[in-house]
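Welcome! Have a look at the structure below, then try the exercises and compare your work with the solutions.

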Amino acid sequence: MSLDLNLLRVILAVYDHGGIAAAAHALDMSQPGLSAALQRARTALNDPLFIRGSKRMEATERTRRMLPSLRLIMDMVDRDVESAAEFDPGSYRGEFKLALTDAGEAILLPSVLVALAKHCPNADIRSMSYTLPELQSAMEEGAVDLALGFFPDLSSVNYYKQVISTQSFCCLISADHPIRGSTISREEYFAGDHVLVEGQSPSEELLETFLARQRARRKIVLRTPHFMSAPAIVARTQLIATVPDGVANIVAMMSNPRIVRTEFHMPRFDTCVYWHPSMQEDAKNRWLRRTLVAELRSKLS
């Protein structure tokens, strides 16, 4: 039988809060992630553990028998292990390893640097880029502390996450573009010439999937793998670049492309902080994610 401490916490949370949604909220987990963890506990213990009642999840007889022991175990962990492993940011001289996309790095990393310089001045920060399989392996091995940005595939497995902000997409056009207003119609959008960034970012994949379902196709004049070169290209041409809100906000501060909003719906996506379940109780990781979530929410909200 294999049953780790995270699964014990899941069992206690479901019992104490009476349901999947409330337990997931209490543990800062997604509902699919908590459901998957509960299923692993059921498999390991060969017992359903909970059944649906009229108002809440009802514990089985085996769960009721285990509760005193589970609480004793978790109390001992909290008292003897976690309290002995407190993290002191002021004296920490190690490295924080963060996984970001190129767009996520431009949007999030400046605020990360400000927060860590204030609270953890002796730490080094390393930003890393991975394919999804590489990222999952790196997080499983502890080679990455947190992933920051939009990584929807991590939400489909048992990773923890906290939402920082919700974004959509807008368009960048040159200051002298024939479109003069603050919005671009559907007809203007699909009639225009576009630059397409092919950087294999999850947000780009979301946008392309959305546009593929429309009854019109963009005219792609330029394809480039570099997200952050698009603003410079747009500024000197009549091309249209469709980018996440956060990228557009940065560009608006540094150069002359104009931001225009589409008059038709664009997809929305959550920018999140993700961490592997093995890091859930790690004192350094807990401090890091709480600090960054607070900082980034205040800057991006």
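**Exercise 1: a valine in a strand**

Valine 260 has 0% relative accessibility, so valine 260 counts as buried (under 20% relative accessible area, with exposed meaning over 50% and partly exposed in between; 1.4 Å probe, protein chains only). This is a predicted model, in which local features need pLDDT of at least 70, side-chain atom pairs count only at pLDDT 80 or more, and totals for chains, interfaces and linings use all residues. Residues are numbered from 1 along each chain as its sequence is written, and side-chain values use heavy atoms, with hydrogens and water left out.

Task: find the strand that holds valine 260 and the residues in contact with valine 260.

Step 1. Valine 260 lies in strand β12 (residues 258-262); strands are DSSP runs of E, at least two residues, and helices are runs of H or I, at least four, numbered from the N terminus.

Step 2. Setting aside neighbours within four places in sequence, the contacts of valine 260 include Cys170, Ile173 and Ile184 (heavy atoms within 4.5 Å).

**Exercise 2: the sides of a helix**

Task: which residues of helix α6 (residues 132-140) are buried, and which exposed residues are on the face turned away from its buried side?

Step 1. Leu135, Ala138 and Met139 are the buried residues of α6.

Step 2. These residues cover an arc of only 95 degrees around the axis, so they sit on the same side of α6; the arc is that of the directions from the helix axis to the C-beta atoms.

Step 3. Pro133 and Glu140 are the exposed residues on the face turned away from the buried side of α6.
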